[in-house]
Structure formats: structure tokens, C-alpha cells
Amino acid sequence: MEKFTTVTGVAAPLRRSNVDTDQIIPAVFLKRVTKTGFEDALFHGWRQDPEFVLNKPEFQGARILVAGADFGTGSSREHAVWALRDFGFDVVLSPRFGDIFRGNSGKQGLLAAAITEDEVEALWAAIEANPGTEMTVDLVARTATIGDLQVSFEVDDYTRWRLLEGLDDIGLTLRDEALISEFEATRESWRPQTLPVK
Amino acid sequence: MTSESRTAARPRTLAEKVWDAHLVKKGEDGTPDLIYIDLHLVHEVTSPQAFDGLRLAGRPLRRPDLTIATEDHNTPTLAIDKPIADLTSRTQIETLRRNCEEFGVRLHSLGDIEQGIVHVVGPQLGLTQPGITVVCGDSHTSTHGAFGAMAFGIGTSEVEHVMATQTLPLKPFKTMAITVEGTLRPGVTAKDIILAVITKIGTGGGQGYVLEYRGSAIRALSMDGRMTICNMSIEAGARAGMVAPDATTYEYLKGRAHAPEGQDWDDAVAYWDTLATDEGAAFDAEVTIDADTLEPFVTWGTNPGQGASLSDSVPNPNDFADANERAAAERALEYMDLTAGTPLKEVAVDAVFMGSCTNSRIEDLRAFASIIQGQKKADGVRVMVVPGSARVRIEAEAEGLDKIITDFGAEWRFAGCSMCLGMNPDQLAPGERCASTSNRNFEGRQGKGGRTHLVSPLVAAATAIRGTLSSPWDLEHSSDLTVTSGEAK
Ligand code: SF4
């Protein structure tokens, strides 16, 4: 995973709340067995509408998405994060995220940063006043800046540290392999086992 | 360190006890805890990229003996002996088969008696047990919490993480008590309880929490009913739902293929008996629901929190004080093609779907059959009944339920997720309206442009008879509603 410090790019306003993962990527795309190539699937239903924000020329190449509350609720599908990444997004700003979605984001280098509803409104207004202007998201300072407007966002310390260091989760855990083996040695005999097949 | 010796003096909740018993490493300075995973359930949709990740990194699957796979999301529910027609569905299934073979994972394929929806298969094998940790790349893993297990859905990266390490780095969840006291009236079921809970606390109300369902109405439920409730915890935004194990749990488990035996059984029960929340343990939040006044429920909108009693009317968006809720209700009514003020019982449906990991176990099918027995479905309504697993299907056939279902004019299918999410050919056509016993009424969930009303098996049955959304109370012939899904055994 690449280290994440700051991102500067076009920000797109998604004026919707309760964007569940079925809207981010419909179930029909979950059939693929690869981990990349989902850019065409992102918001597939909405993108059929030429007026949809991500279809507008001024938001092409957007790297930052500013969305309403409860972004990424519903199904656990990690494809939602891959699709956002494949489309080119590095950051989603929203007042609240679905828990699983937020967890998935950190693991794929997508920053899910929480700001207040008022700040979302202010950012939407700023973006729409000057569509296509760049925004800078600084993970070190935990700020998002567009023009004169700067907001501070929240992200938990652990996720932030991992994003800043570009650390892979599994590698990190395997440093504690000895502890895992020790735990396994005390596992009670009545705990379930799938093998052998009875 | 055994589970017992970790028991602290401070009063703890069920969730805390299970968590503490699985601590491989306590997190410090804001780092998460490392939690051991007892059981990893795998299906074809969220596993291919995880297996791929292992292969790319040259990592083995650490504990094939704690891992089990089944095919469910993509499997056809007709002609299961033929090759799967849809190419991408077939690719996912074939990829799972290859991966399980390569990594030594036990797999129940289409045609196998244990094949079925992953959340039906774990419990029926006796693998889902009290006090264990269960994960699966599927949000409805919360189902397994009905046994007093800590069970939650994870993303594909986490699936890979569990495959490689049998652990997960996690921050402790907050705890919420949902206390349901009283006695359900005949015709009111576990599904109505959970729909009422979600309408009460909202789709975000449980975020970050493990919900513990307590109270006399929960204790009175069978395991199938408890699973229905825990299943939909995620629809309230929660990571997991739990019910403390008791005699009902043990009775369900005893004798199942993977339940402990002999001395192991006694040791296990002795431990399971210690799991219930201690007197005086503090929850981070508490909610109470009165079971006595609950009515059969239905959703009218496009998220599971947009629900009402069947005796109500479609709400008026202007009546919502919160601006977001008002806007959401407006959009929902437009998508659902409903007019505010219309009595819900006047809403005509095109289809009824009886199935999904919420309501496809044997008791659900019995409840459905008890209402439709000797009746004919309404003209022009398509009724599809999909058992949760091949074993449930066989059990139902042994009881003659399939005959009742086909005589009624409904389709009796093979096991799988089916029209719950329409990844296989079982889908609604655009604009079609469906009363569904599943768990999600999101836009397009059951097929592009399809409209979903979430209901209990009893409401599904009454609706299939009358052709409009109906409560079992509306049926003359069902004055005796003693066999109700998830009610007292
Ligand atoms: S039945 Fe529906 S909710 Fe349950 S696992 Fe299958 S797709 Fe998911």
C-alpha cells in the first residue's frame, strides 16, 4: 500500500444521504472474481442519468467525494471501496459512514473522513460556486481545504497511522504470530471444528 | 489461559465476556485488540479476491479446520443439475470450488445436502455455538448471535486477514440492551419485533454497537425466531446482535453433527451457563419494546427503518420533523409508487418471496404453510418459496409442506439466496412490487426497479392469499394462529 499524506484534486459534491453500498455498486457487479476494474460499476444506476454529478465534465478525474450522512451503509461488499478507488477517489468526506465500509476503506488506502453536516453543506456550496476547483486533503493536519474554506476532519488514530505508513494489515498481525499460536494451544476441545467432516 | 481464568470480578455483559475470552493481544495506545476467530464461513461472492490475495502473497490458509464454505448467492433455484447458465455466476462458483480444493477448505456445493445460505448452514450443522466468534464476508453474519456467539460481517480484506491469521484486529464494540418484555399476540412474530426495533432506533441507531436482545418475549422465542431477530441487527446499523444462551439453545444444538459430545458437551454447557450478562453490568445504551402491543409489521419505504403496522397508512413525508427523514420519505414514496394516506392493506403486490437467511428455516416454512393450507393464491400474484438449505428443503418435503405450497399455486424452489438480492435469475421486473420475508428493501435490491415490502412469513402468506398487503388477522380461516414463526415453542 502506498503512503498517504496529502491529496490534491477535484472534489465532487454528492448531494445525497444514506448512500448504501447497493447504490455505490449494484449486486450484479459482485460476480467478478478480480480485485480491480470496477470503475464502470461505480454508482451504476445513477450514472445512467446524464445529469448525475459524476457525469458532468467539470468533475471528471475527481479524487475527493463529498457526500451526505450515512455513506456506505448496508451490505458489507468491499467492492464498494474498490469501485471508488478504481474510479480515482482517494477520499470520501461525510458526516457518518457505515461501520463496515469505513473499516474496508482504511485497508484499501481510501480515506473515509468525518466532518459535520454543516461543513458538508459549506463544502458543497464552495464546490458548486467554482466547479472543478481543486481541494487539498491533508492527513497529517487532518484538514480539507478548498479556496478560503478549511475544515478539520476526524479519522481514528490507528487508521490514520496505517494510512500514513502505508502498512498492510496482515503483515502487521503476523508480527504477533507467537501470541496467536499460544492462544491456539489453550483452545478448549469442545470448540467447533469444521474438519473432519462428520 | 482458559476461558474461566479470564473471568474478571467486574460485572460484564455477554458481549464483553465473549470478547475477553478471545483476546490474543490487548490493544494499547489506540491500537485495536487482536481477537481470535473460532469459525470462518465462506461463500463465493466475497472470497475470490481474498484467496487471490493469499496466493499473491504466498501465504497459507492458517486453519482450514475452522473454515467452511457453501455456495448460495449465485446458485440457481431451478434445474440445479444443469450447468449454471449465467457465465459470471458460473465463474464465481467454479472459482470457489478451485480455491477450496487448493486451500483444503470443506465446501458444500450445489446438490449437497448441507448446501444452502451460509447463515442457515452454520447453525444446522451445530457449528454455530454459544460463546464463540464467527465471521463471514457477509453482513448478515449477525444471525449467528442468536446462540450467544459474537458474530459479525467483514469485508474481503478482513476475509483474507482471517484466512492468513485466524484473527482480526478490532476495537471493542459498544453495547446496547434491547429489552422486549411481554407476550406476542398470535400472528405476531420475531420478524415483527425486529422490524419494530429498526423503525424505533433507525437504520443508523445501532452503529458501533453490539445489540443484546433480552426480556421475556425474547426468552420465549425458538432458535429460528432468535436468528430472525439477530439477522436484521445490521439493518439497525449494528455490527452484531446477541441473545444469551439458555435451555432453548442447548436443546437446539444437542445431537447436531458438530455439537460437542460426552464430557465435551458437559464442559461446554458449564461454560455456556456463565455467559449471560451479569447482574449490574452496564450497557452503553438501552431500548425497550413492549411485545404485548406489537402488530404485524410491513415496510413502506426503501430502507428497513421505514416501516409501520399493517393497520396504518402510508405516511405523509411532511409529518417527519427531521429534514433528512422527510426527504428520504419523499424519495422512497416516489420510488415505491405510493401515495401518502393510502391504507397499507390496499397496496396490491405482483409477487411474494418467502425465503432468505432471515426467514427460510423450517419453522418459517411451517408458519407460512399453516396459513396457506387449503387456500389458493391470489390471481396474478407470483409466489416463490425458497428454503434456506437443501436440508431444510428435505425436512419440509418430509412434512408435506411442499405439497401445501404447490397446491396453493406457489413455486417450490431449491435452496439459496434467490430473490433476496437477485444475483441469480430470481428477480423482480422493473416496477414490480413484492412482499418479501427478506431483510433489505433497498432500491433495486430484488431486481432493477423492483419494489420491496419487508414482512414476516405470516404476512407474506396472508398477502399471497389476498393479493394486497395483509395481516394474518385479516383472514377468516386463520382465527387459530397458534403456529407462528418464531413464537414460543
Ligand atoms: S439470503 Fe440475502 S441477506 Fe442472506 S446471505 Fe443471502 S443475499 Fe445475503
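**Exercise 1. Describe the interface between chain A and chain B in this predicted model, from its extent to its composition.**

Solution. Begin with the residues that take part: in this predicted model, 58 residues of chain A are in contact with 82 residues of chain B. Next, consider the area, for which a general convention exists: the size of an interface is often given as the accessible area lost when the parts come together. For chain A and chain B the buried area is about 5700 Å², and 54% of it lies on carbon and sulfur atoms.

Then turn to the specific pairings. The rule finds nine salt bridges across the interface of chain A and chain B, and one of them joins the side chains of Lys171(B) and Asp156(A), with an N to O distance of 3.6 Å. This pair qualifies because a salt bridge requires a side-chain nitrogen of Lys or Arg within 4 Å of a carboxyl oxygen of Asp or Glu. The count of residue pairs in polar contact between the two chains, both residues being at pLDDT 80 or more, is 22.

Finally, assign the side of chain A that touches chain B to its helices: α1 (21–24), α2 (79–87), α3 (99–107), α6 (169–174) and α7 (177–185) of chain A each supply at least two residues. The largest share, six residues, comes from α7(A). By class, this side of chain A has 18 nonpolar, 18 polar and 22 charged residues.

**Exercise 2. Where does Ser75(A) lie, is Ser75(A) buried or exposed, and which residues is it in contact with?**

Solution. First locate the residue: Ser75(A) belongs to the loop between β2 (64–67) and α2 of chain A. Its relative accessible area is 9%, and Ser75(A) is therefore buried, since the cut-off for that class is under 20%. Among the contacts, set aside neighbours within four places in sequence, and those that remain are Thr21(A) and Asp22(A) together with Ser139(B) and Arg440(B) of the other chain. The side chain of Ser75(A) also makes a polar contact of 2.8 Å with the side chain of Arg77(A).

**Exercise 3. Determine which residues of helix α2 of chain B are buried and what covers them.**

Solution. In helix α2 of chain B, residues 48–57, the buried residues are Pro48(B), Gln49(B), Ala50(B), Phe51(B), Gly53(B) and Leu54(B). Their cover includes β3 (39–42), α3 (87–103) and α5 (156–165) of chain B, and also α2 of chain A. Just after the helix, Gly58(B) has a positive phi of about 65°.

**Exercise 4. Locate the backbone features at Asn18(A), Asp337(B) and Pro196(A).**

Solution. Take the positive phi values in residues other than glycine: phi is near 55° for Asn18(A) and near 55° for Asp337(B). Asn18(A) lies in the loop between β1 (6–14) and α1 of chain A, where its relative accessibility of 28% makes it partly exposed. Asp337(B) lies in the loop between α11 (323–336) and β15 (351–354) of chain B. The remaining feature is a cis peptide bond between Leu195(A) and Pro196(A), with omega about -5°, and Pro196(A) is found in the segment after α7 of chain A.

Technical notes. Residues numbered from 1 in each chain as written. Chains lettered and ligands numbered in written order. Predicted model: local features only at pLDDT ≥ 70, side-chain atom pairs only at ≥ 80, totals over all residues. Heavy atoms only, no water. Contact = heavy atoms within 4.5 Å. Buried area = accessible area lost by both parts, 1.4 Å probe. Polar contact = N/O pair within 3.5 Å; in protein donor to acceptor, adjacent residues only side chain to side chain. Helix = DSSP H or I, 4+ residues; strand = E, 2+ residues; numbered from the N terminus. Nonpolar A, V, L, I, M, F, W, Y, C, P; charged D, E, K, R; others polar. Buried < 20%, exposed > 50% of the residue type's maximum accessible area, 1.4 Å probe, protein only.
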